[in-house]
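Here's a quick briefing to read with the sequence and the model open side by side.

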Amino acid sequence: MTSTLTPVRSKRSALTKGQLPKYAPYAVLGGALIVGAAILALIGFNPFGWGLVSAILFAVGLVSWSAAVEGSRKAKDKLATCLVVGSFLVALLPLVSVIWTVLINGIPGLIDPGFLTTSMNGVTGAFDNKAVESGGPVMGGIYHALLGTVQITLLATVISVPVGLLTAIYLVEYGNDGRLAKAITFFVDVMTGIPSIVAGLFAAAFFFVVVGPGTKTGAVAAVALSVLMIPVVVRSSEEMLKIVPNELREAAYALGVRKWRTILKVVIPTAISGIASGVTLAIARVIGETAPILVTAGFATSINSNVFGGWMASLPTFIYTQILNPTSPSNPDPSSQRAWGAALVLIILVMVLNLVARLIARIFAPKTGR
Amino acid sequence: MSKRIDVKDLNVYYGDFLAVEDVSINIEAKSVTAFIGPSGCGKSTFLRTLNRMHEVIPGARVEGEVLLDGDNLYGPGVDPVTVRSQIGMVFQRPNPFPTMSIRDNVLAGVKLNNKKISKGEADVLVERSLKGANLWNEVKDRLEKPGSGLSGGQQQRLCIARAIAVEPQVILMDEPCSALDPISTLAIEDLINELKDQYTVVIVTHNMQQAARVSDKTAFFNIAGTGKPGKLIEYGDTHTIFSNPVQKATEDYVSGRFG
C-alpha cells in the first residue's frame with residue numbers, strides 16, 4: 001500500500017525562523033564586560049562607569065544580534081526585557097547600597113558590649129577620648145533611646161488606632177457618600193501630606209495652649225506622631241472594610257442582627273487581618289520620624305520611663321544629636337559609631353515590624369480548612 | 001409556628017423610581033409559594049420588601065401594607081430588626097460567615113444578638129437546625145471547622161440551617177439554587193418539601209420547572225418594558241398556572257415564548 005502522507009520537508013519549515021543559541025546572552029554579557037573594561041581603562045577605571053558602559057554594550061549587542069538572526073519582533077522583545085530588567089536593577093541599587101552601608105558601619109557599634117543595655121547617662125567626652133587613645137571599647141549605649149522610641153510609638157498607636165478605625169467605620173458603614181463623609185475624606189487626604197515637622201509644631205502649640213508653655217514630654221511627641229499616623233490608619237482600614245462583601249452584612253441583617261452588632265461581630269473580624277497589618281505598617285512609617293520628636297520631646301541622655309514628664313530620647317533624635325554634637329568634639333568617631341549602630345537597630349526594628357505585619361495577616365485571616 | 005402574609009396595594013420605590021406597582025397577594029401559612037417571571041421584573045425586589053431588607057439600600061421605600069397574621073410590618077413604630085427575626089431569608093449565593101466555624105454559623109442568629117443560651121441548649125439547637133437542613137450527617141464530625149470549607153450546596157444548606165435556627169415564621173428564598181449544581185439543587189428542593197410542614201416558604205426562581213416541582217401556588221410577575229414598573233400578572237395554584245393560565249402573558253411565559 002502506498003503511503004498517502006506528504007513527506008516531511010527536509011529543509012527548514014516555512015513556519016519557523018532562526019533562533020539565537022542558548023549561550024547567546026552569556027556570550028554577549030562576557031563580551032560587553034571585557035570591552036567595557038577596556039574602554040574604561042583608557043578613561044580611568046571606576047566600577048560604576050564600568051557597570052554602565054557594559055550594560056549599554058550588552059543591550060546593544062544582544063538586540064542587534066537577535067535582530068539579525070531572529071527577526072525584528074524577537075529583537076524588540078529582547079530590548080523590552082533589557083529595559084525592564086535594567087530599570088529594576090537601577091531601582092534596587094539605592095536599597096542595596098543603603099543596607100550595605102548601614103551594615104558595614106553599624107555592626108561595629110552594635111556588637112559593642114553594653115550597646116543595647118546602657119544609656120548615655122554619665123558618658124562624657126573624656127570616656128570617648130580614652131576609648132580612641134587606648135583602643136578600648138566605646139562606652140555608652142542606646143537603651144534610653146530604644147525605650148523612648150517604644151514608649152512614644154506605643155502611645156501614638158493607642159491614640160491613632162481607635163480614632164482612625166472609628167473614622168473608617170463611619171466612612172464605610174454610615175457615610176453613604178453624604179457631605180460629611182466627603183469632607184472627612186478630603187481632610188484625611190490633606191493630612192497624609194502634612195510635613196512631619198508641621199505635625200510636631202502643631203503638637204507643641206497644642207500642649208502650649210492646653211498645659212502651659214515649654215511643655216516637652218514624650219506625650220507631646222506621641223501626639224505629633226499620631227497626627228501622621230491617623231490618615232494612614234484611616235485609609236488602610238477603609239480599604240479593608242470595603243473589601244468585606246456586602247452579602248455578609250445582608251446575611252447578618254436577615255437574621256435580625258442590629259447594624260452596630262453586625263459591624264462589631266461580623267465585619268470587623270472578617271477585616272481584622274488587613275486592619276492589623278495596616279496598623280503595623282503605619283507604625284513602621286512613623287517610627288523613624290526625627291523632626292517632630294526633636295521639636296516636641298527634646299533629647300535626653302538618661303532613661304526616662306514617664307511619657308508624661310520630662311524630655312525623652314528616641315532612636316532618630318539620638319542619631320541626629322550624636323552626629324551633629326558628638327559627645328567628644330575632638331574625637332567624633334565613637335559618636336559616629338554609636339549613631340551608625342542606632343541606625344542599624346532602627347532598620348532592624350522596621351524590618352521586624354514588617355514581618356510581624358505579615359504574620360498577623362496570616363494568623364488572623366479567615367481560614368478555609370476542610 | 002408559621003403565619004400567613006397578606007399584601008395590600010404595595011408600591012416599591014427606589015428614591016422616586018417606581019420599581020414594583022400595586023401588588024396584592026395572599027400567601028397561606030405552611031405552604032410554598034413561588035414567584036416567577038423574566039429578569040428585571042421586580043420579583044426579588046418584592047421579596048425583599050416582605051422582610052424589610054430592601055431598606056438597607058439608601059433611598060428605598062414602600063407605600064402600602066404587608067400584614068403578617070394581621071400585623072402591619074410597615075406600621076408606625078415597627079422595628080425592622082424585629083420583623084427580620086420573624087421572617088428569615090436565604091440568598092442567591094451562599095454566604096456563611098468566614099470567620100466562624102460551622103457550629104458558630106448555625107448559632108449566629110442567637111450569638112450575634114447576645115442572647116444567652118447554655119452550652120447544652122446550644123448543642124441541641126445546632127443539631128436540630130442542621131438536621132432540619134439535611135446537613136447533620138455530613139458535618140456532625142467537623143462542627144468546629146470553618147464554614148467556608150464546605151461545598152457550594154453544603155454552604156447553602158448551612159445558610160438554611162442558620163435561618164431556621166432563629167425559628168422564624170416565614171422563610172424567604174431568593175433563587176437559592178441558581179448557584180448550585182443539579183444534585184445540590186435536588187437536595188435543597190427535597191428540603192423545601194420538608195420545610196413546608198413547619199414554615200411558610202416563599203421562593204423566587206428563574207427556573208420554571210423548579211417552581212412547578214416545589215410550589216403549591218405560583219405568582220407570575222412581568223414588566224412592560226425597561227424603566228417601567230413590574231406588576232403581578234397572575235397568582236393561583238401551580239397546576240393551574242402551568243397548564244391552564246388565565247392571562248395571555250402568563251401563558252406566553254410558561255410556554256417559553258419569551259423570558
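Predicted model: local features only at pLDDT ≥ 70, side-chain atom pairs only at ≥ 80, totals over all residues.

Chain A is built from 13 helices and 0 strands, whereas chain B has 11 helices and 10 strands. For chain B the 18 Å agrees with what a compact globule of 259 residues would give.

**Chain A overall**

- Reading from the N terminus, the elements of chain A go α-α-α-α-α-α-α-α-α-α-α-α-α.
- Its C-alpha atoms take up a box of roughly 105 × 80 × 40 Å along the principal axes.
- Buried residues account for 35% of the 370 in chain A.
- If you take the chain A contacts between residues at least 6 apart in sequence, 77% of them link residues at least 24 apart.

**Chain B overall**

- The box for the C-alpha atoms of chain B is roughly 55 × 45 × 30 Å, again along the principal axes.
- Of the 259 residues in chain B, 46% are buried.
- Contacts in chain B between residues at least 6 apart in sequence join residues at least 24 apart in 70% of cases.

**Helices worth a look in chain A**

- Helix α5 of chain A covers residues 143-174, which makes 32 residues. From first to last C-alpha it reaches 45 Å, close to the expected 46 Å.
- There is a bend of about 25° in α5(A) at A:S160, with the proline A:P162 following within four residues.
- Helix α8 of chain A spans residues 218-243, 26 residues in all, and its end-to-end C-alpha distance of 36 Å is close to the expected 38 Å.
- α8(A) has a kink too, of about 35° at A:M229, shortly before the proline A:P231.
- Most of α8(A) is covered, with 23 of its 26 residues buried.

**A helix in chain B**

- Helix α7 of chain B runs over residues 152-165 and has 14 residues. It reaches 20 Å from its first C-alpha to its last, close to the 20 Å expected.
- α7(B) is mostly covered as well: 13 of its 14 residues are buried.
- After α7(B) you'll find B:E167, whose phi is positive, near 55°.

**The largest nonpolar core**

- This core holds 137 residues, and the members that touch the most others are A:A342 and B:I171.
- The biggest share of the core comes from α8(A), which gives 16 residues.
- Leaving aside residues up to four places away in sequence, B:I171 touches B:G88, B:V90, B:A163, B:I164, B:L195, B:Y199 and B:V201.

**Where the chains meet**

- Chain A puts 22 residues into the contact and chain B puts in 25.
- On the chain A side, the elements that give two or more residues are α9 (246-254) and α10 (259-286).
- α9(A) gives the most to that side, with 7 residues.
- By type, the chain A side splits into 10 nonpolar, 5 polar and 7 charged residues.

- A:V63 sits in helix α2 of chain A, residues 47-70. Is A:V63 buried or exposed? A:V63 counts as buried because 20 other C-beta atoms lie inside 10 Å, and 20 or more is what the cut-off asks for.
- Not counting residues up to four places away in sequence, A:V63 touches A:A75, A:K78, A:L79 and A:C82.
- A:V63 and A:I39 are 24 residues apart along the chain, and 21 Å separates their C-alpha atoms.
- A:Y23 lies in the segment before α1 (24-43) of chain A. A:Y23 is exposed because it has 9 other C-beta atoms within 10 Å, and 12 or fewer counts as exposed.
- From A:Y23 to A:M351 is 328 residues in sequence and 39 Å in space, C-alpha to C-alpha.

How values were computed
Residues numbered from 1 in each chain as written. Chains lettered and ligands numbered in written order. Expected span 1.5 Å × (residues − 1). Bend = angle between axes of the 7 residues up to and from the residue. Rg over C-alpha atoms; globule rule 2.2 N^0.38 Å. Contact = placed C-beta atoms within 7 Å. Core = buried A, V, L, I, M, F, W, Y, C linked by C-beta atoms within 7 Å. Nonpolar A, V, L, I, M, F, W, Y, C, P; charged D, E, K, R; others polar.
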